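Student: Could we go through this one together, starting with how its helices pack and then turning to the charged pairs?
Tutor: Happy to, let's take it step by step.

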Amino acid sequence: MAAPERSMDTSSSFLQKFRLYETRSNFYMIGRDKNRTFWKVLKLDRTEQTELNFHQDSTPYTESECFETLRRIHEGNRSAGGLKFVTTCYGIIGFIRFLGPYYMLIITKRRKLGEVCGHTVYGVAKSRIVTIPHASVLSTVAYSKDEKRYKRLLCTVDLTKDLFFSYSYHIMHSLQRNMSNNAEGQTYYESMFVWNEYLTRRIRNNPKDCMWTVALVYGFFKQVKLSVCEKNFRLTLIARRSRHYAGTRYLKRGVNEKGRVANDVETEQIVYEEAQDGHPVRVSSVVQNRGSIPLFWSQETSRLNIKPDITLSAKDPNFEATRLHFENLAKRYGNPIIVLNLIKTREKRPRETILRVEFANAITFINKGLSKEERLRPLHWDLHKHSRKKGTNVLGILGRLATYALNLTGIFYCQLTSDGFQNQNPSTVENNIDECSTYDLPTKDEIASDSAVENGNDKKDRQKEATMLQNGVLRTNCIDCLDRTNVAQYAYGLVAFARQLHALRLTESDTIDLDNPLAEDLMGVYETMGDTLALQYGGSAAHNKIFCERRGQWKAATQSQELFRTLQRYYSNAYMDAEKQDAINLFLGYFQPQPDKPALWELGSDQHYNAARFLASSVPEISRSTMKRSLSESSILSEGSSTVAGRHGLGEKDEEVKGLSDSAPEIISTSKTAAMIAGSFSAPPATLEDIGLDEILENDCFCCNDDRHGGDQCTCAAFDMDWVSSSGASCEDESSYGRSTMVRSFETIPESTKIESEICVINTKRDEVTTMEGEVISGIPQGYVRWVMDEEEGHFW
């Protein structure tokens with residue numbers, strides 16, 4: 001029975017609480033808004049075995065009308081058992097089907113994480129899988145062994161960890177995009193950061209159906225309340241992990257054919273002052289990015305090798321996938337794109353250096369086809385090497401790099417009405433953008449005058465402040481984009497934090513010293529984010545040696561913690577990541593089970609499957625069997641070595657690089673090419689007195705003009721490095737990883753004494769390890785533990 005017609009505006013409302021009921025033939029979901037002003041009804045058919053049929057009643061109900069409708073449904077189905085209450089829920093995650101029936105995933109418990117400008121953000125605290133068809137119509141397939149295994153595999157995706165959502169705020173978009181783009185309906189579900197995009201496809205036939213589902217973002221969300229000069233403000237750090245090319249550490253590396261990279265995470269730092277009655281609210285945000293090196297490379301998971309060889313494919317000579325990746329970044333963030341590459345410049349056994357050379361070649365090649373304004377701005381800086389040199393202030397140097405990047409991109413800043421921007425017209429932000437420098441911040445006099453304005457009656461002057469936009473982004477990477485990258489992102493966040501507070505007129509200075517309590521607060525949030533992202537991708541918390549030493553933590557305790565995390569990470573990669581990757585592929589819809597087709601667990605390596613799929617499109621059929629062997633065995637074919645060497649400037653000229661050939665794919669393996677590329681890195685590096693950091697960056701400057709002394713001036717970075725200590729002339733041997741030469745501020749720490757080698761205690765009677773801090777790792781073979789300790793002692797970067 002339809003409810004009588006009424007004028008009830010539900011366009012700006014959101015369903016936030018739901019109740020699920022069932023009969024033998026249907027599910028009924030009742031949803032209401034936060035203020036209990038209207039109710040809606042969704043009906044799902046339970047009589048179909050393999051089809052998903054649902055109907056949404058477009059009529060809004062009052063509470064009494066809704067319960068009257070439920071009463072009538074109960075009376076009409078009394079002979080079949082009537083209407084039964086199933087559960088209370090807070091949104092539909094989506095629908096999925098394996099080989100038999102459809103299942104519905106719902107949120108049964110939520111927790112508040114914080115809010116962004118008045119819009120609440122929630123985390124998933126508990127979820128449930130509901131079989132849609134009634135048991136009486138289920139076929140034998142629903143009880144088959146494969147169906148049960150797929151269901152168990154899906155349940156291994158812990159929806160209560162690191163997934164968050166908002167009913168009224170597009171949390172998958174940055175604050176700047178939300179304020180300048182009025183995205184509606186399906187648009188925001190198609191974002192690269194919405195992880196249940198595949199699960200919600202069938203219900204998102206029109207924008208109105210989106211009110212039953214929630215868009216889940218995977219990553220990190222944390223909000224803290226801080227104060228400065230007795231002024232309160234909120235700091236929010238959001239990390240959004242891309243669903244494209246998503247997965248685990250060794251099974252997702254590099255780039256795919258569409259330009260999507262592994263471990264692609266957008267980090268947004270939002271700062272806004274506490275709202276005051278009658279006053280506009282100032283808010284600022286800044287976005288940075290991390291992601292795997294955008295080349296075709298991989299590492300094969302091995303239980304016998306803690307550090308698998310890096311395998312670089314030579315089948316994309318024109319760097320098309322790399323170019324697509326940077327084009328996507330420019331589309332999302334604008335120009336310039338600053339590329340901060342933190343991988344090593346010199347190794348006894350070439351691993352990271354192979355990728356560094358190829359990445360440099362890729363940037364050089366891409367920049368040749370770009371205008372001066374669009375060129376990539378590469379900054380190559382070996383964080384590992386410099387962190388081990390006495391007298392080097394790593395965070396200080398990274399802060400200078402961050403200052404350079406922020407001067408190019410700027411930050412986002414605007415004013416909102418005191419009730420948030422629920423009623424804010426996005427066009428007002430665009431209309432208030434003045435032609436001003438992206439880093440024009442208020443002066444001390446302006447801050448002082450602003451206080452007088454607040455205490456007076458002239459409030460209009462505050463509303464006339466120009467909106468600033470961020471144009472461009474800093475992209476940071478190391479090998480895993482976890483440990484070193486997180487340190488660099490903190491340094492960038494600290495410089496941005498100072499500018500944000502200054503733009504909000506909370507501080508007089510636009511810089512924050514590393515010893516400032518605010519810097520300590522920010523470091524704690526970034527450290528937590530780094531641990532969370534590392535657990536998602538790498539299987540253990542992040543290596544936070546620099547953060548620990550910055551806090552003055554006992555060095556032996558730091559060594560113990562780092563070794564414990566190394567053990568966790570490699571054990572997870574070797575024994576757990578394959579199933580985890582299968583679960584991710586199932587959840588995201590990258591693998592969809594089909595009858596009479598191989599099951600997911602019957603397929604080979606996920607990483608090799610993706611690499612082979614790209615190569616197969618360009619390699620003739622006759623060479624594909626050889627290609628599979630090359631990828632799986634991390635081998636290099638001697639027939640293609642000359643071409644590979646030419647691309648790396650190791651013998652042949654660049655002109656001799658050929659396209660996709662009819663031979664087997666050319667693969668660079670670190671175990672096979674050590675002798676070939678050793679000559680390129682055999683010369684010892686000059687001291688910092690001979691080559692300052694500015695010259696190190698200058699040597700890695702890649703512009704489209706080959707003549708550095710003619711034509712357009714180089715657009716890459718140049719720094720005044722008088723403040724860098726010149727001690728620690730050369731890179732130490734790889735065997736000295738256990739020594740720490742990190743310094744605090746500008747002080748030089750004396751050479752550390754040798755740490756005892758027994759930093760972990762192995763219980764020979766039980767399969768467990770006890771660290772110096774009392775942490776216990778159980779269920780791990782003793783031989784594996786001893787082997788890890790022998791191979792990895794003191795090696796945490």
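Student: At what angle do helix 5 and helix 6 pack?
Tutor: Keep in mind that this is a predicted model. Helix 5 covers residues 320-333 and helix 6 covers residues 352-367, and their axes are 10 Å apart. The angle at which the two pack is about 70°.

Student: Is helix 5 roughly parallel or roughly perpendicular to helix 6?
Tutor: Angles of 65 to 115 degrees count as roughly perpendicular. The packing angle here is about 70°. That makes the orientation of helix 5 to helix 6 roughly perpendicular.

Student: Is the crossing of helix 5 and helix 6 left-handed or right-handed, and which residues make the contact?
Tutor: Helix 5 passes helix 6 in a right-handed crossing. From helix 5, the contact uses Thr322, Arg323 and Phe326. By class, the contact has four nonpolar, one polar and one charged residues. On the helix 6 side, the contact residues are Phe359, Ala362 and Ile366.

Student: How many salt bridges does a search of the whole structure find?
Tutor: Side chains of opposite charge can pair when their charged atoms come close. The cut-off for a salt bridge is a nitrogen-to-oxygen separation within 4 Å. Over the whole structure, the search gives 20 salt bridges.

Student: How far apart in sequence are the parts that Glu22 and Arg46 tie together?
Tutor: The side chains of Glu22 and Arg46 form a salt bridge at 2.8 Å, N to O. Glu22 belongs to strand 1, while Arg46 sits in the loop between strand 3 and strand 4, so the pair ties together parts whose separation in sequence is 24 residues.

Student: Of that pair, is Arg46 buried or exposed?
Tutor: Glu22 has 24% relative accessibility and counts as partly exposed. Buried means under 20% relative accessible area. Arg46 has 6% relative accessibility, so Arg46 counts as buried.

Student: Which residue forms a salt bridge with Arg204?
Tutor: Start from Arg201, which is partly exposed at 44% relative accessible area and has its salt bridge with Glu197 at 3.0 Å. In the Arg204 salt bridge, the closest N and O atoms are 3.5 Å apart, and both residues of that pair are buried. The partner of Arg204 is Glu197.

Student: Which residues are linked with Lys112 in a network of salt bridges?
Tutor: A salt bridge joins Lys or Arg to Asp or Glu. Along with Lys112, the network includes Arg234.

Technical notes:
Residues numbered from 1 in each chain as written. Predicted model: local features only at pLDDT ≥ 70, side-chain atom pairs only at ≥ 80, totals over all residues. Heavy atoms only, no water. Axes fitted to C-alpha atoms, helices over the stretch in contact; angles between N-to-C directions. Helix = DSSP H or I, 4+ residues; strand = E, 2+ residues; numbered from the N terminus. Parallel < 35°, antiparallel > 145°, perpendicular 65-115°, else oblique. Left-handed = near helix turned anticlockwise from the far one by under 90°. Contact = heavy atoms within 4.5 Å. Nonpolar A, V, L, I, M, F, W, Y, C, P; charged D, E, K, R; others polar. Buried < 20%, exposed > 50% of the residue type's maximum accessible area, 1.4 Å probe, protein only.
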